[in-house]
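Have a look at the model, then we'll go through it piece by piece.

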Protein chains: 2
Amino acid sequence: MPKHSEDAEKFLLAAKRSEIRALERLAESCELVTTVSDLVHQLQRERGISNIYLVSAGFRFSSLRAEQMQFSGKSADTFRQLLHDHYLQEGRCSNPRDMRLLNSIAYSLHGLDELEELRRHVDAFEVSALESTDAFCRLIAGLLSVVFEAADVADDPEVTRLLVALFNFMQAKEFSGQERAWGAIGFAGSQFDERLHQRLEQLQDCQRRSLEVFLEFAGDTEQARWQAIEDSDETRDLNRLRRVIAGLSNGEPIAAEVSEVWYQLATARIDSMHRLEDAMAARLLRVSRKRVADAQSELGHHYAQLQKMKSTDWSRLPALAVLFDPEVPGLYGRASTAGVPPLHGQSLAHSLYDLIRSQVAHIHRVSEELDETRRALTERKLIERAKGVLMRNLRLNEDDAYRTMQQRAMEMNLKLADVAAKIIEIGNRRGALDSDGGKSRPADAARGGSPA
Amino acid sequence: MPKHSEDAEKFLLAAKRSEIRALERLAESCELVTTVSDLVHQLQRERGISNIYLVSAGFRFSSLRAEQMQFSGKSADTFRQLLHDHYLQEGRCSNPRDMRLLNSIAYSLHGLDELEELRRHVDAFEVSALESTDAFCRLIAGLLSVVFEAADVADDPEVTRLLVALFNFMQAKEFSGQERAWGAIGFAGSQFDERLHQRLEQLQDCQRRSLEVFLEFAGDTEQARWQAIEDSDETRDLNRLRRVIAGLSNGEPIAAEVSEVWYQLATARIDSMHRLEDAMAARLLRVSRKRVADAQSELGHHYAQLQKMKSTDWSRLPALAVLFDPEVPGLYGRASTAGVPPLHGQSLAHSLYDLIRSQVAHIHRVSEELDETRRALTERKLIERAKGVLMRNLRLNEDDAYRTMQQRAMEMNLKLADVAAKIIEIGNRRGALDSDGGKSRPADAARGGSPA
């Protein structure tokens, strides 16, 4: 065997090590996502509690708020600590596509820094409940974008699917939280006007759409658990109350107890969602860590095989395994491999070439799976972007933009993603004429191209 | 400004550094591709020369072959040296998606190791011209897959387009070389039978398809240069000769001079292609290096801005820039930002938030462009994979598989890629029933999912 083969061997191992490093980084991102999921949940609670504190001029929830701020603070500390441990190490080999993840972290950290200031404003009643809610929503949107970016740059098919499912589920939960907040505002003002009805309806639409994507990417277990939540008594009761609210006309008086029931039912649903979210995060951690362990044991197998090869008689190994492999196409249209001497027998199973081949097969399998996941993801992103184009150019709201696309797709017998691609193409041409095509608002990125 | 902001600042800079690292790795891949392009060209020459050497039983091209082996060897050494310098450094931070690139390098290196052995077989006339050609084709296919992998994992939109264009152009050139070889075989045997005619036609089809993709991704300059080659006298003469050959019936005698003319015309075309290939490779290097330089100067700008901020009066900076930014959507459906105090004035333009925002915009722009490029690329890959499914399941040859798909797309008024996705879906379901769906042959990966 020629001396140079050492290089081929080195690259075989370098490829595997590169996969391990990628999977380790991915496992880190998953850990980060788990932490973010908890932090978002704590902030959602603080948002709700701060609201009631503000609305009651500090008479209600004062100590509960103090307690919740402790929880939020602890969760934020865990988040910051993890960031330090994983991402700010000297000489760290970051995933180059980390740029987007790292920038969304910078954004979120900046928002978290301001949380202190926001709390002081709440303490001093210098902001309204609506303003405070609004600010919390921005902070949460920033944190959700961290999850979105982690999902968007993941390179493992199963982990990507789980991350996309989790991100969309977190979105749905956030929309549920916003629906609860608007409902509470309606009850506090003792009336539901037309605009409030519309908002509630739209937020329910947003939840449905996020949940659709969640279901598209989630595994069987998560789908079943979600179905159980949907089939629960709580959801049935919540839906009934939603219909009652939708039926309230402008100015109609509402019993005070209904407000309490609304808050309880909405909260019960959000808490159920949080438990499913936790289970998904736990599975994500398990799966991503198992990937690393699997890849490490494959590397160990490679070493063992190479060691074994070195102790065997080289002369018995095939001399032209690669270049005369009849299974690999060579000259196009070459009739048969009949003229080629049978260069490889049993010994091939333990050759370097065999290891390279099996690794090619492994990469091929993973890449194909990943391509399929990414395709679904890219289509989702296209639809979101096209919606944005329609909203800007036709001055439509989000739901109308979405429905317009759906209708075009039906009329033209095209996939929604293909209609979206056409809309973006036309939008780009228009954008090239304007000085600024309305692109690249920080909002879009902070929201990760998500609805609302 | 709260103390923690240092973290947000660190992540802003980490994000930019991560982009720089990614672009540096990409520039390295581009350098590698340039080297591979030269090595492939040398091996294509050696393949042709070795052929004539073998056919003439060593009477012709003996010294030319010795000379060409020197050139090939030099080019291979450059390739190996570059690999050592860039990819086998201790503690190197590789791009995690490098796995595929590194494995295709391992495959190519193994093939290059065997080249020595192949040459000894040629020296001793132990292989036929056809077998030697076949072996060279496999080696070249392995090297082309290095280019394919580099294109497939690139993260910059313009560089990706250039790499995809270059890869497909190299493919087309390789098919031209194989067409030349089959033509020469026909002339050597003094007859063109039906199968040979078919092969030539199919190789011309393969060239056309690769060139279509090249034109889809290439820039204006490359497109114009290719048009000039297509419009040249040489191409006109070659096309005329192609028609003459296609008109030859089985066993018809051919004047010896025609063989020489065929070789000259085909070679002239390949040489023109090589010059365009060189120009593309040079542009690729320029563009990828400029990307690194640009990102580095942006990092410098960030540092300067942060420095300037530190020397200004902090109290004049906005206190709640992120959480009260009216441009970022917060609570869904929140009516207006009228109630929010005007927190930011001119000073915002020099805040940390402003830097984060501008980086978000930058990332957003690059990602959208990359998504578009990747979508086109994914569609191409889907079409290739679907072709493979049809070839296996319906026992079709490549061209018939392609035409079947085209016809279905027309009939169903669908995009070719959507038909391909359906075929793969059905194929996967079938594959799940079989124990092995015929997936993951090393050949597919070595060829980078390319035609032939």
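This is a predicted model: local features need pLDDT of at least 70, side-chain atom pairs count only at pLDDT 80 or more; totals for chains, interfaces and linings use all residues.

Q: Which residue lies over the face of A:Trp182?
A: A charge counts as sitting over a ring if NZ of Lys or CZ of Arg is within 6 Å of the ring centre and within 35 degrees of the ring normal. Here the distance from the ring centre is 4.3 Å, and the residue over A:Trp182 is A:Arg199.

Q: At what distance from the ring centre does B:Arg60 lie over B:Phe61?
A: This is another arginine over an aromatic face, with B:Arg60 placed over the ring of B:Phe61. The distance to the ring centre is 5.2 Å.

Q: How many aromatic pairs does a search of the whole structure find?
A: Rings of Phe, Tyr and Trp (its six-membered ring) pair if their centres lie within 6.5 Å; planes under 30 degrees apart are stacked, over 60 edge-to-face and the rest tilted. Over all chains, the count is 18.

Q: What is the geometry of the pair A:Phe11 and B:Tyr87?
A: A:Phe11 sits in helix H1 (residues 5-55) of chain A and B:Tyr87 in helix H2 (residues 62-87) of chain B, so this pair joins two chains. Helices are DSSP runs of H or I with at least four residues, strands runs of E with at least two, numbered from the N terminus. Both A:Phe11 and B:Tyr87 are buried, where buried means under 20% relative accessible area, exposed over 50% and partly exposed in between (1.4 Å probe, protein chains only). With 6.4 Å centre to centre and 55 degrees between the planes, the pair is tilted.

Q: Which geometry do the rings of B:Tyr53 and B:Phe125 have?
A: B:Tyr53 is in helix H1 (residues 5-55) of chain B and B:Phe125 in the loop between helix H3 (98-123) and helix H4 (129-153) of chain B, so the pair ties together parts that are 72 residues apart in sequence. B:Tyr53 counts as buried at 10% relative accessibility, whereas B:Phe125 is partly exposed at 39%. The ring centres are 5.4 Å apart and the planes are at 15 degrees, so the pair is stacked.

Q: Which residues form one aromatic cluster in chain A?
A: Chain A has 13 helices and zero strands, and 58% of its 452 residues count as buried. The cluster is made up of A:Phe169, A:Phe214 and A:Trp226.

Q: How are H6(B) and H10(B) oriented to each other?
A: Axes are lines fitted to C-alpha atoms, for helices over the stretch in contact, and angles run from 0 to 180 degrees between N-to-C directions. Helix H6 (residues 194-217) and helix H10 (residues 352-393) of chain B pack at about 170 degrees, with axes 11 Å apart. Angles under 35 degrees count as roughly parallel, over 145 as roughly antiparallel, 65 to 115 as roughly perpendicular and the rest as oblique. H6(B) and H10(B) are therefore roughly antiparallel.

Q: Which residues is A:Ala421 in contact with, leaving aside its neighbours within four places in sequence?
A: A:Ala421 is in helix H12 (residues 416-433) of chain A. Taking contact as heavy atoms within 4.5 Å, the partners of A:Ala421 are A:Leu382 and B:Arg375.

Q: What is the phi of B:Ala57?
A: Most residues other than glycine have a negative phi. B:Ala57 lies in the loop between H1 and H2 of chain B and is partly exposed, with a relative accessible area of 48%. Its phi is positive, at about 55 degrees.

Q: Is B:Arg395 buried or exposed?
A: B:Arg395 is in the loop between H10 and helix H11 (398-412) of chain B, and has a positive phi near 50 degrees. With a relative accessible area of 75%, B:Arg395 is exposed.

Terms used:
Residues are numbered from 1 along each chain as its sequence is written. Chains are lettered from A and ligands numbered from 1 in the order in which they are written. Side-chain values use heavy atoms; hydrogens and water are left out.
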